[in-house]
Amino acid sequence: MRITAFCKKGIEEANRISKEKAKMTEIGSMKYSLWGPEKSEQSLVIRFGRVCESMIKEQIRDTEGFSLLPSGVQRLSGMKKKKDVDLLFLDIEKKMIYYRELKTNIELDTEKLPATSDKVKLLSKHLEKTYPDCTLDFGILCLSVFDQKNLTQNKMKSKIRQFESSGVKITFANDIFKTLSLTITEQEYYKFWRQIGKILRS
């Protein structure tokens with residue numbers, strides 16, 4: 001897999017996290033009883049999950065014809081509410097704005113799924129008012145999965161159907177790579193993540 005801005009940022013951040021003081025498993029957990037104190041993988045996964053946003057933003061910055069738009073906490077049009085926009089970028093030639101809510105795990109519980117869907121739809125209305133001269137493409141982006149066809153479990157397929165029936169689509173790594181004209185194969189993608197995993201465990 002060639003070193004893209006996405007990959008370079010991921011490796012850089014994985015090396016940084018691996019060198020920082022890690023949260024260790026503690027007495028009272030079964031992991032501690034079985035293997036003693038060791039790096040908490042759950043803590044590593046949570047920390048690296050936050051890095052995914054900076055990785056895809058780095059790739060967008062590096063791609064000609066696309067421009068990042070202001071993300072982060074925004075006050076909604078005509079409302080006192082504030083909401084956090086994860087990823088917002090523009091295809092300059094097509095005047096197409098892409099808004100994505102980032103999720104590294106789409107296996108959301110019963111309460112979080114409708115809340116996430118409602119947030120995406122609310123923000124999409126705000127963005128349509130904010131950028132009236134552009135077409136808006138909105139949805140959820142799951143970077144832990146390369147392509148929807150990789151999901152064979154019925155419970156995962158059910159989550160996707162629930163989102164889609166609410167009017168919110170779920171996209172995956174290969175979808176955004178195609179948008180950015182970035183060629184990465186499925187085998188290369190998962191090999192890259194295994195490399196990240198080894199760095200984090202080191």
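Visitor: Which residue in β4 is the bridge partner of S67?
Guide: L90 is the partner of S67. This is a predicted model, where local features need pLDDT of at least 70, side-chain atom pairs count only at pLDDT 80 or more, and totals for chains, interfaces and linings use all residues. Residues are numbered from 1 along each chain as its sequence is written, and side-chain values use heavy atoms, leaving out hydrogens and water.

Visitor: How do β1 and β4 pair, parallel or antiparallel?
Guide: β1 and β4 (residues 87-91) are antiparallel, over 3 bridges. Strands pair if DSSP finds at least two bridges between them. Strands (E, at least two residues) and helices (H or I, at least four) are DSSP runs, numbered from the N terminus.

Visitor: What is the strand order in the open sheet?
Guide: The order is β1-β4-β5-β6-β7, with mixed pairing. β1 (66-68) and β7 (169-172) are at the edges, because each has a single partner strand.

Visitor: Rings now. How many aromatic pairs are there?
Guide: There are 12. Rings of Phe, Tyr and Trp (its six-membered ring) pair if their centres lie within 6.5 Å; planes under 30 degrees apart are stacked, over 60 edge-to-face, the rest tilted. One of the pairs is F177 with Y189, edge-to-face at 5.7 Å centre to centre and 75° between the planes.

Visitor: Where do those two sit?
Guide: F177 is in helix α6 (residues 173-179) and Y189 in helix α7 (residues 186-201), 12 residues apart.

Visitor: Is F177 buried or exposed?
Guide: F177 is buried, at 0% relative accessible area. Buried means under 20%, exposed over 50%, partly exposed in between (1.4 Å probe, protein chains only). Y189 is buried at 0% too.
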